[in-house]
Each structure stands twice: as structure tokens, then as C-alpha cells.
Amino acid sequence: MKRNAVHMVKSVVVLASSLVLFMTTYANSQQVASKGNSTSLTRYVDPYIGTGFHGHVFMGANVPFGAVQLGPVNLSQGWDWCSGYHYSDSTIVGFSHTHLSGTGIGDLGDIAVMPTTGPIRVTKGRLKDPSKGYLSLFSHRDETAKPGYYAVKLKRYNIQAELTASSRVGFHQYTFPQAAEAHIILDLEQGIGWDQPTDTFIEQRNDSTVVGYRYSKGWANDQRVYFAMVFSKPIRQFTSLLVIDSLGTTTAATKGTRLKGVATFTTKAGEKVKLKVGISPVSSENALANIRAEIPHWNFNKTVAAADAAWNQELQKVRIEADSETRLKTFYTALYHTMIAPSIFNDHNGDYLGTDKKVYKKAPFTNLTTFSLWDTYRAAHPLFSILQPNRVNDMISSMLAVYQQQGKLPVWHLMGNETNTMVGYSGVPVVVDAYLKGFKGFDANLAYEAVKATAMRDDYGLKSVKELGFIPADSETESVAKGLEYAIDDWCIAQMAKKMGKADDYAYFSKRGKNYQNYFDKQTRFMRGRVAQNQWRTPFNPFESRHRKDDFTEGNSWQYTWLVPQDVEGLVGLLGGDKAFGQKLDSLFTAKGDMGAEASNDISGLIGQYAHGNEPSHHIAYLYSYVGQPWKTANQVRFIVDNFYTAKTDGIIGNEDVGQMSAWYIFSSLGFYPVNPANGSYVFGSPVVNRASVALANNKTLSIEVKNNGPANKYIQSVTLNGKPYSKSYILHKDLMAGGKLVFQMGNKPSTTWGVAKQNRPQSVLSQP
């Protein structure tokens, strides 16, 4: 169990002796917030947050949802280097143009570039004997990281490296010392994690242009990246070399799996050599065209400013006031992390590579990749439906194109590949949610065809779902996790069928949405593996977790018993009613037990058996409101917000998971969360901001004010919406999107009335989703 230090500034106290402190803190918070509102919010983003512990976040330069993530790669490898960079490291072996952020598997790292001086070295080298390779040490004191810009001094070569990016182009600026032999190494062998090249190619076009491609396999089994590199200075000499043995022996070649390119220059002291690298999933010609379209000039600072402006434009969609700069940094870094992916996977002209490996020309939508849907369907995509309405249509169109090309919606899609990582068909809630919320930028009939076809397959236990209503634990690993996720997805399909007037499908998928009941053992009062209609898997231990070997996915029965966000009322009934449900939920947050030696590293951020570091737990704290105990939701949410998210390098309690961990924080900080991924409502919790202004579609604004807020005053006493009393402990998406003013009145004791009555509690099925 890991709990980061609490960072809180007192803002409300009742003792007169503390009044001065409160006024000073409040005034400072207003000053900090007002500066952020009138100028830039990017200064509150700290890209180092999450680079320590197990956050696995991307470090480097990119723009929101960009195809290029240009950043450093450490020599070290392993689980904590899934993004290529970990704060504990002090080595650099290059700057790669593609990275993952917050995943549990390492991949990408395409098109690595490393500036050097002296004798040519084309292998990375080893820390014990760095002279044999080109690796360099660095110090965090010599690093600068901010949205759209990264800089570091390479100690070994006394080279200042600076990076920035547009959507499809990485822009490098290297300040060299005086050197007769200055080099820029292009390494097409190097990748991150599981990645390894299968075919690479380099061709020099002229004295300043090099093109080629890198095909590789890894987590995604058939990745294809084409590139074009344009230098600001004529290349004195360019060589393309193939490493042929472990000693680093080379031979001239333009193709191979251990291919390196070396551009050599003579440099003066302080001379800047610039490099623009365009990438494309289609061709080197398109990569060159991407450079011409996005960065046709050599003004590095102009590109840095444009990247900063792009980030600021997105961050300005949510302007908050808080009690400390630490809170602002935590919030805006979280918001930043939600916009690294899904990432663009097409060219400036609209061309993209499909899952079927066919090139689709001039697509009418922006094709995207990096869909970590098992994670992001829970909160990241609902957040996009508020803050990224235009991109939602592109996301759905991309997912429907994947369906047409592979026969099902994406599961975990990466670089035009289906990885089939994680359980469920979690693209379904995302598509259904967009449809039910009224998004019109995609074909609704095709969308329904896609969700239904995805659910009617026979693989991954679905044949048993259709025939038995459950997945026998002795026929399929992770059977309970799969079955519970399928039930969520099927419930979503039922709601879409209902709205489209498909009565038979509504009845069929509604029944499948209740299949979670088939995994509930009334005797033990836990979800568990069933091997037959009248037989449970034994032995059974609700604490134990055996990663990828038991009935759960990165969790145990204590955590998965609550995975019924689509029908909380039904789960309440299974557990014996409101009182029994509340008591069981209390026990979750206090239960002590050994999960065993084979438990996943993803099970982190523990409060009892609640695991905030893993996504199936993310809705659980909000379930108290369904049984009329919203103050207990407030207790847990406040603790998680204040302890599991900080402004330190280890400030994310578990894997960032491509924006989901941060999306939870954004929603919870504002005071509400989408427990049900597709019913168009949000459950109130305990807002930690003092004020917020959320920019919505159609030039509307949602204003949030939190009165009498503070560390002790975490309980909602009352709510008003547009000046009228609002008694429900949830709010509809359509009411948020209409704009207006939402006011929370906070207090230091639970309210005995607000959100308690049955008619004011959240509901799974709403008449107006």
C-alpha cells in the first residue's frame, strides 16, 4: 500500500485566531487563479508528475492528441519504463517520436534520434561501459519540461537538446560545441518495451533530406511508420549502416532490422543544428507533406509557442480557483494527461492506414489510435463528451472504421492493430454514450450494427454467455471479469436499442445486462467463478488475486463484487437491501487480507481492499449515494483526491492508464462522476475547487461555485442549479451542457437530508438519459 503525503492549505476555520491565515490563503488563491485565467494555464502543468512510482506517463513534447510524442528514452528497460522514461533514471539513448503514456505494456519508441560528437558509435552501449555506445548521462537539474517543449543537456557531449512538435512533426534543435565530427544518429533498431523491428529502410534524398520507414512488432504486431527528416544544415556526409554482430561491427546497407543512419557535420561552438521529422502511417511522401503543411519554416521558438498555445486553448476549457498552487498544478497536469491519447493516426491530407492494412485516402474524419477502452470508457470518454465534442465524433468514426475493417469494435487499438488487451468489448459504452448524448457526426445505424455485431461473436467466452448466461470458470480465464464487463456493455446496447425502437433487441440485451447475477454467490455474498449452473469454483478466497490465472482481471473478488455500475439497484438487492449494501461497502474500505504473491502490480492505492490504482474500483466510492449515504461518498472521495494525487513525481497512485486516472481526478475535483458509463448522469461527490468555469459547446458556460469549502468542510449541505434548490444527488448531462450556475454549499458535518430520500438518489435507468 502506498499513500502519498497530503498537500492541503487551510482555507476555512472557525477560530478567530486563524481568520488572518484564511484571508491570506484565499487572496493568494484568487491571485493565482486570476493570473491563470487571464494568461496561460500551461504553467500549472508539471510533466514530471507521474514519471515516478508506477505512473508510466509520457515525458516530452507533443500537442493535444498529436501523432507525435517526441521525448527522451532511458537506457533502462522494464515495467516502470513502459513510456521509455522514469524519473529514477539518468541515462538517455535517444529521442523517439512515438510513446505511450500510462500503459502497463511498453511499445513504440519509433524513429530514435541521438546527437553525438567524436567517433561514430551506432549502438546504445551499456552503463558499465558507455564508451562502446552513444548513451549519455543527464541531470534533472539540466532538464526543462513543459507542454509542447522538452530540453536537456547531454553531459557526455555538452550538447543542449531541445524538442517541440506539431501534430505530425517532431522539431529538434541541438546546440553543439565546436566539433570536427558532430553527428546526428538515426536509430531504426531501437524501440521501447516489447517493440522490435521487422523491416526498416533509409534513403538519402539530397544534402538535407533523409526518408525511410520502420516496420516493427511488439504489443501491436504489425506497426508501420514512415518518416522524412529535413536538416537545417547540409549534411557533410551521410552513411547508412547495418549492425551485424554484438560487437557493433557494421556494414553499409539501406535495409535491415539493425539499421542506423549517421548524418555528420562540422560545427562551431554554440551552433544550432535543427531537424524536422515528419511521420506518416502511409508513406514517406506523406511524411514530407506533413512537414510542409505543419512546420514549413525553421523558427523553433515559433513552434514552441504554437504548441503552448494549443495546450493552453484546451486547458482554458476548465478554469478553476483553488486554495493553493499545488492544487492547480495537480488539476491542470491531470487535465493535460487526459489529452495525450487517443492520438492522431492519419496524414494532414486525411490518408490513413486501416486495421486491414489498406490505405484509405482523404478520409472525412480524423482517424485516431491508442484506444485504451477498458480504462477510458469509465471517465475519460465521458469527460471528452463535455470538453471535446468535436473530437468525440472523430473518435466514434475511427472506432466504426475499425469495426468495418476487423469485424468488431476496437478493444485496445494501437497503431492500426487490435491487441485484444483487457476484457470486455469496452468500445460499446463509448459508442452508445455518444449516441445517447446526441452526437451526430457519425452514422447511427452503422454504430448500432457495430455494437450488436461485437456482442454477438463467439470468442472470449461469448458463446457461453449466449448459451448459458455465464462463462464457466474452467473454460475461460478471467471469467468473472469478462462476464461482468460484458453485462455492462450489453446493458448499454439495450439502451441504444430502446431509443432506436428495436424492442426485441432491447429485451434480449437487457436480459444479458442482468447476467452479473449469475456470478453472485448468495452464500458468500461475493462475485466468484462458476463452473456449472449449480457449482462454484473452489477453493474460494475473496482476497486472493492471481494475475491472469484466476477469475478476475488485475483484482480480486472484494473489488469485482461492485462492478455493476449499470444496475446498482439490482446489486443492492443481491446484497440484501440498502442497509446491508452500505455495511458491505463499509467493509470494503476496512477489510484486511493478503492478495497473495501473484497479485498484479496494478492493484495499488489501497484503502482496505478498495484499489484506486486500478479501474474497476473507480466508481465504487460513489455507490454510497445510491443507498442515501452521500456523506460516505464524500469521505472517501476527499481522501482519494488529497492523498492519491499530488504534485510530486510519484503523484499518481498507479498506472495513469492513458488518461483514465486523471479523468477520475478532474471529475471528482469538480464535484461529480459518471458512475454509469452511458446513462447520461453524474453522481455528486465532494468538490475540492472553490470555483470553476467550464466552456461548453455552442458558447455556453457551466459555472461552479463551492461555498464554505475546506479540508474539514467536505460534506455537501445543499445544491442550487441556476438559483433554484436542487435536491438530487446526481445531475443529468443535458442539464450540465445547458450551462448555467451550479452552487454547492459545504459543511463540516454530514447533512441529514440532502440526497438521502429515495427520490433524490442516483438511478441506473433515467427517463431522459
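Predicted model: local features only at pLDDT ≥ 70, side-chain atom pairs only at ≥ 80, totals over all residues.
Residues are numbered from 1 along each chain as its sequence is written, and side-chain values use heavy atoms, with hydrogens and water left out.

**View A. The open sheet β33-β34-β39.** Three strands form this open sheet in the order β33-β34-β39, with antiparallel pairing; strands (E, at least two residues) and helices (H or I, at least four) are DSSP runs numbered from the N terminus, and two strands pair if DSSP finds at least two bridges between them. The edge strands are β33 (672-673) and β39 (730-732), each of which pairs on one side only.

**View B. The open sheet β24-β25-β26.** This open sheet has three strands in the order β24-β25-β26, and the pairing is antiparallel. Because β24 (371-372) and β26 (417-418) each have a single partner strand, they stand at the edges, and one side of each is left without a neighbour in the sheet. Strand β24 runs antiparallel to β25 (residues 412-414), to which two bridges join it, and S372 stands opposite W412 in β25.

**View C. Strand β11 and its partners.** Strands β11 (residues 196-206) and β12 (residues 209-217) run antiparallel and are joined by nine bridges, while a hairpin connects β11 to β12 through two residues. D199 stands opposite Y215 in β12. β11 also pairs with β16 (residues 255-256), in the antiparallel sense and over two bridges; here G256 is the bridge partner of T200.

View D. The 16 residues of α3 (residues 300-315) should span 22 Å at 1.5 Å a residue, and its end C-alpha atoms are 23 Å apart, which agrees; the expected span is 1.5 Å times one less than the number of residues. At the N-terminal end, N299 caps α3, with a side-chain oxygen 3.3 Å from the backbone nitrogen of N301. Among the buried residues of α3 are F300, V304, W311 and L315, where buried means under 20% relative accessible area, found with a 1.4 Å probe on protein chains only. Helix α6 (residues 380-387) is mostly covered, as eight of its eight residues are buried, including H381, F384 and I386.

**View E. The largest pocket.** About 890 Å³ of space lies in this pocket, a pocket being an open set of points on a 1 Å grid over the protein atoms alone where a 1.4 Å probe fits, with protein on both sides within 12 Å along at least five of seven lines, and lining residues having an atom within 4 Å of a point. Of the 45 residues that line the largest pocket, I105, N420, T421, M422 and R548 are the closest to its centre. Helices α5 (373-376) and α11 (479-499) each supply at least two residues of this lining.

**View F. The second largest pocket.** The space in this pocket is about 550 Å³. It is lined by 25 residues, of which T123, K124, G125, S246 and R258 lie nearest its centre.

Conventions: Points joined across faces, edges and corners; volume = space filled by probe spheres on them. Buried < 20%, exposed > 50% of the residue type's maximum accessible area, 1.4 Å probe, protein only. Polar contact = N/O pair within 3.5 Å; in protein donor to acceptor, adjacent residues only side chain to side chain.
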